[in-house]
Amino acid sequence: MRKIVIAGNWKMFKTQAESQEFLQGFLPTLQETPEEREVVLCVPFTDLSALSMNLHGSLVQLGAQNVHWEESGAYTGEISGPMLTEIGVRYVIVGHSERRQYFGETDTTVNLRLKAAQKYGLTPILCVGETKQQRDAGETELLIITQLEKDLVDVDQTNLVIAYEPIWAIGTGDTCETKEANRVIGLIRSQLTNPNVPIQYGGSVKPNNIDEIMAQPEIDGVLVGGASLEAAGFARIVNYK
Ligand SMILES: O=C[C@H](O)COP(=O)(O)O
């Protein structure tokens, strides 16, 4: 049976004080959350330590937004797997389109980061997805198959989550039609050697569309940006019906 993983990606939002305020509103709402739903908060590095202490014993797992492939070294601005696992981080987002677009992330470095995450005991959330231009040109399927082929070389598919994030749907309010998201996620699954890899949808997920998204048979969870920043809204997403 496939696991359900509901993850929030805070991107570059929330100071430590703001993250604590979020938790005060969010944690009590988890009392009714079915235990089999994995809830993950992928937060800025500066929020990780304090959240780790406060999340201890709760249903929520901690995630980071990047990991380097080396254990340590002269890589200014990067962070290593052991640094993350030592403070209780369990998940890490790899290959988010914002990393690919603004920070030169390539399929080669995504592959290195995925393998390093697994080596050091983290579960990577690999993001794939097409631009509007690629979709309009009918290149969605080829782009995604190519990303998967390159990113997943020698990656262990028993410790992996994939997020399908059409880039044109990120932060735009322009959600991918749920049946179409379901279709593309089915395509992603058909490319995998392990059919039980949880595959999420990401891109303008909101409290008012989560029930419809999660009703799709291929969709095993969501990766939520903007709507994960507000405790009540994210609680509604986590407690989808
Ligand atoms: O990682 C999350 C995605 O980039 C989605 O962001 P969004 O929910 O703000 O569209």
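## Residues around the ligand

The shell around the ligand consists of four nonpolar, seven polar and two charged residues. In this classing, Ala, Val, Leu, Ile, Met, Phe, Trp, Tyr, Cys and Pro are nonpolar, Asp, Glu, Lys and Arg are charged, and the others, Gly among them, are polar. The model is predicted: local features need pLDDT of at least 70, side-chain atom pairs count only at pLDDT 80 or more, and totals for chains, interfaces and linings use all residues. Residues are numbered from 1 along each chain as its sequence is written, and side-chain values use heavy atoms, with hydrogens and water left out.

In total, 13 residues surround the ligand (a heavy atom within 4 Å). The closest are Lys 11, His 96, Gly 171, Ser 204 and Gly 226.

## Polar contacts and cover

A polar side-chain atom of Lys 11 is 2.8 Å from a ligand oxygen atom. Polar backbone atoms also lie by ligand oxygen: one of Gly 171 at 2.6 Å, and one of Gly 225 at 2.9 Å. On its own the ligand has 310 Å² of accessible area (Shrake-Rupley method, 1.4 Å probe), and the protein covers 96% of this.

## Aromatic rings

The whole structure has five aromatic pairs (ring centres within 6.5 Å). Trp 10, Phe 22, Phe 26 and Phe 234 make up one aromatic cluster.

Technical notes. A polar contact is a pair of N or O atoms within 3.5 Å; within protein, one must be able to donate a hydrogen and the other to accept it, and residues adjacent in sequence count only if both atoms are side-chain atoms. Rings of Phe, Tyr and Trp (its six-membered ring) pair if their centres lie within 6.5 Å; planes under 30 degrees apart count as stacked, over 60 as edge-to-face and the rest as tilted.
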